[in-house]
Amino acid sequence: MIMERWIPSPPADFLTSFDVWVRIRNISFNHFTLETMNTLGSSIRKVEEITYDPEVSQITDFVRVHVNMKIANHARSTKNLNIPSDEMVVIQYEYEKLWKHCFHCIRFTHEKTLYLLLCKSYGLMS
């Protein structure tokens, strides 16, 4: 839930975006650079802050990126990243403290754990 101070005449973009921290996983350690983190974070939305210091050793397997998300857009859960050694790595995005969203399309406008169409396609419904 997004909390904002009530105003009598809200602007058109009132409550249409929110700030969220995103954990980016599966980045190989030899590609831990600020440029890589910014590129991966920018594939979600505009990056506000990156909690990565190249001067300090990395003890976690993820990097945290602060982005401003639009509620109407869907979020990204994975991204295929081609690295110079002709390998493809699947980068995973984990949104911190986001509980109420659709786990299939990763939209924030509704909350569903299973879609009816998915249930029918998997033979879960008659």
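# Asking why: salt bridges, burial and a cavity

The structure holds five salt bridges. It is a predicted model, in which local features need pLDDT of at least 70, side-chain atom pairs count only at pLDDT 80 or more, and totals for chains, interfaces and linings use all residues. Residues are numbered from 1 along each chain as its sequence is written, and side-chain values use heavy atoms, with hydrogens and water left out.

Me: What makes the pair Glu96 and Arg23 a salt bridge?

Reply: The term asks for a side-chain nitrogen of Lys or Arg within 4 Å of a carboxyl oxygen of Asp or Glu. Here the N to O distance is 2.8 Å, so the pair meets that rule. Arg23 sits in strand β1 (residues 17-25) and Glu96 in the loop between β5 (87-95) and α2 (116-121), 73 residues apart.

Me: How do you know which stretches are called helices and strands?

Reply: They are DSSP runs, numbered from the N terminus: helices are H or I with at least four residues, and strands are E with at least two. In this protein they come to two helices and five strands. Along the sequence the order is β-α-β-β-β-β-α.

Me: Which salt bridges does Arg25 make, and what are the distances?

Reply: One is with Asp61, at 2.9 Å from N to O. Asp61 lies in the loop between β2 (47-51) and β3 (62-70) and Arg25 in strand β1, so this pair ties together parts that are 36 residues apart in sequence. Another is with Glu94, where the closest N and O atoms are 3.1 Å apart. Glu94 belongs to strand β5, so that pair ties together parts 69 residues apart.

Me: Why do Arg25, Asp61 and Glu94 carry the labels they do?

Reply: Take the values one by one. Arg25 has 17% relative accessibility, so it counts as buried. Asp61 has 45%, so it is partly exposed. Glu94, at 33%, is partly exposed too.

Me: Which residues are linked in a network of salt bridges?

Reply: They are Arg23, Arg25, Asp61, Arg64, Glu94 and Glu96.

Me: How do you know what His66 is in contact with?

Reply: Contact means heavy atoms within 4.5 Å. Leaving aside neighbours within four places in sequence, His66 in this way meets Asp19, Val20, Trp21, Lys46, Val47, Glu48 and Glu49. His66 is in strand β3, and at 15% relative accessibility it counts as buried. Its C-alpha atom is 6.3 Å from that of Val22, 44 residues apart along the chain.

Me: Why is Phe62 called buried, and which residues does it touch?

Reply: Phe62 has a relative accessible area of 15%, so it is buried. Phe62 is also found in strand β3. Not counting residues up to four places away in sequence, it touches Arg23, Ile24 and Arg25.

Me: What makes a space in the model a cavity?

Reply: On a 1 Å grid over the protein atoms alone, a cavity is a set of points where a 1.4 Å probe fits but cannot get out, and lining residues have an atom within 4 Å of a point. The structure holds one cavity of 30 Å³ or more. The volume of the largest cavity is about 40 Å³, and a volume is the space filled by probe spheres set on the points, which are joined across faces, edges and corners.

Me: Which residues line the largest cavity, and how many are nonpolar, polar or charged?

Reply: The lining is made of Asn26, Ile27, Ser28, His31, Leu81, Ile83, Val89 and Ile91. Strands β4 (78-83) and β5 are the elements that give two or more residues to it. Ala, Val, Leu, Ile, Met, Phe, Trp, Tyr, Cys and Pro count as nonpolar, Asp, Glu, Lys and Arg as charged, and the others, Gly among them, as polar. The lining therefore divides into five nonpolar, three polar and no charged residues.

Me: What makes the phi of Asn26 worth a look?

Reply: Most residues other than glycine have a negative phi. Asn26 is not a glycine, yet its phi is positive, about 70°. It lies in the loop between β1 and α1 (34-42), and at 39% relative accessibility it counts as partly exposed.

Technical notes: Buried means under 20% relative accessible area, exposed over 50%, partly exposed in between (1.4 Å probe, protein chains only). On a 1 Å grid over the protein atoms alone, a cavity is a set of points where a 1.4 Å probe fits but cannot get out, and a pocket is an open set with protein on both sides within 12 Å along at least five of seven lines; lining residues have an atom within 4 Å of a point.
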